[in-house]
Amino acid sequence: MIDRKTLCEKFLSQTPYVDWQRGLLAGDASNRRYERLTGPDGRTVVLMDAPPEKGEDVRPFVRIADYLRTQGLSAPEILAQDAVHGFLLLEDLGDDLFSRVIQREPALEKELYEAATDVLVALHQAPMPKLEPYGPRLMAEMSGLALSKYRTGILGHCDPGLQSRFEDHFEDILRDTVKGDPVLVQRDYHAENLLWLPDRTGVARVGLLDFQDARAGHPAFDLMSLLQDARRDVPAGIEMQMISRYIAAANMDESGFRTAYSVLSVQRNMRILGVFARLSIDYGKPHYVTLIPRVWDHFIRGLDHPALAPVADLLRDSLPAPSPENLDKLRP
């Protein structure tokens with residue numbers, strides 16, 4: 001089997017960037033690797049290395065990136081691709097992640113969240129591409145990761161019957177509350193996946209990075225992902241203002257939207273509890289454990305909504321809180 005280094009060099013040899021200087025960029029929770037290539041004139045591009053043998057597939061990224069760009073949004077342009085072996089060369093949108101810009105210039109925080117909210121308004125008014133649905137059954141099963149991975153990691157034993165009962169009840173709640181015309185949901189829309197591009201105008205000022213897992217889902221999902229960030233504390237005032245901003249701009253039914261927002265908060269934050277536990281236990285990435293208390297706070301707050309009443313007590317009783325002792329059990 002040809003190693004990926006050789007495959008990558010072959011891919012680059014067929015592009016104008018073969019002799020550009022290469023430097024590693026930070027990766028993410030996936031198996032993808034990124035490098036920045038710098039030319040003799042200082043221009044840069046980004047190399048994505050997404051090994052198919054590890055379950056990666058660059059084709060959805062290419063398809064969604066092209067779609068987003070046709071809508072006037074700032075997804076990276078695809079400069080070259082080898083879908084068979086999992087390599088892409090991308091337009092370099094820079095390093096100004098929202099999280100870094102806000103840390104450097106706190107006064108910009110509200111403006112950035114307004115811009116990111118406006119991107120969602122524009123995207124959700126655009127024609128829908130063909131996407132697999134992010135439907136009630138799938139969402140319920142993904143939420144079950146909190147029981148199969150997070151709970152089991154702490155308690156040391158699983159309860160398949162408990163998980164099955166929860167998923168069945170939660171599917172009913174999702175079906176009753178998360179409804180309406182679907183939109184494209186990127187599913188990982190937050191401050192470390194968004195870039196600030198102030199030299200551009202309007203919604204193009206927000207660079208989009210992580211959208212290859214996009215599905216057809218509810219408009220509240222990406223807004224909730226943005227405002228209930230697992231990696232940084234978004235001020236409560238900004239969360240409330242951006243929800244109101246979206247509802248007004250998109251002309252949404254306020255009660256229904258806020259209910260869906262709360263239900264999806266519980267759904268997504270339960271999934272993240274499970275994913276972070278799995279990344280630590282199964283993949284030796286314990287730094288994700290430090291993020292769990294913030295995710296737990298989002299989850300517990302969401303449970304207070306009356307729509308969650310059929311599962312709220314079950315979850316409060318069965319999911320252990322992330323005490324320091326419990327978090328230690330999730331570390332490899």
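## Quick tour of a predicted model

At 69% relative accessibility, Asn251 counts as exposed, where exposed means over 50% relative accessible area, buried means under 20%, and partly exposed is in between (1.4 Å probe, protein chains only). This is a predicted model, where local features need pLDDT of at least 70, side-chain atom pairs count only at pLDDT 80 or more, and totals for chains, interfaces and linings use all residues. Residues are numbered from 1 along each chain as its sequence is written, and side-chain values use heavy atoms, with hydrogens and water left out.

**Two loop residues with positive phi**

- Asn251 sits in the loop between helix H9 (236-250) and H10; helices (H or I, at least four residues) and strands (E, at least two) are DSSP runs, numbered from the N terminus.
- Asn251 has a positive phi of about 55 degrees, although it is not a glycine.
- Most residues other than glycine have a negative phi.
- Arg187 also has a positive phi, near 80 degrees, and its place is in the loop between strand S6 (183-185) and strand S7 (194-196).
- Arg187 counts as buried because its relative accessible area is 12%.

**The sheet**

- There are 5 strands in an open sheet, ordered S1-S2-S3-S5-S4, with antiparallel pairing; two strands pair if DSSP finds at least two bridges between them.
- At the edges you'll find strand S1 (21-25) and strand S4 (78-82), each pairing on one side only.
- On average, neighbouring strands of this sheet are turned by 20 degrees against each other, direction ignored; axes are lines fitted to C-alpha atoms, for helices over the stretch in contact, and angles run from 0 to 180 degrees between N-to-C directions.
- S2 (residues 33-38) and S3 (residues 44-49) are antiparallel partners over 6 bridges, and Arg33 stands opposite Asp49 in S3.
- S3 also pairs with S5, in the antiparallel sense over 5 bridges, with Met48 opposite Leu88 in S5.
- S4 and S5 run antiparallel and are joined by 4 bridges; Ala80 has Leu89 in S5 as its bridge partner.
- S4 and S5 make a hairpin with 4 residues between them, and Gly86 in the turn has a positive phi of about 85 degrees.
- As for S5, 4 of its 5 residues are buried.

- Helix H2 (residues 59-70) lies across S3, S4 and S5, at about 160 degrees to S4.

**The second largest pocket**

- H2 turns up again here, giving the largest share of the lining of the second largest pocket, 3 residues.
- Among the residues lining this pocket are Pro60, Arg63, Ile64 and Arg187.

- Asn269 lies in helix H10 (residues 254-283) and counts as buried because its relative accessible area is 0%.
- The side chain of Asn269 makes a polar contact with that of Gln228, at 3.2 Å; a polar contact is a pair of N or O atoms within 3.5 Å, and within protein one must be able to donate a hydrogen and the other to accept it, while residues adjacent in sequence count only if both atoms are side-chain atoms.
- Pro160 is in helix H7 (residues 160-177) and counts as exposed because its relative accessible area is 58%.
- Pro160 and Asp253 are 93 residues apart in sequence and 37 Å apart in space, C-alpha to C-alpha.

Notes
Contact = heavy atoms within 4.5 Å. 1 Å grid on protein atoms, 1.4 Å probe; cavity = no way out; pocket = protein on both sides within 12 Å on 5 of 7 lines; lining within 4 Å.
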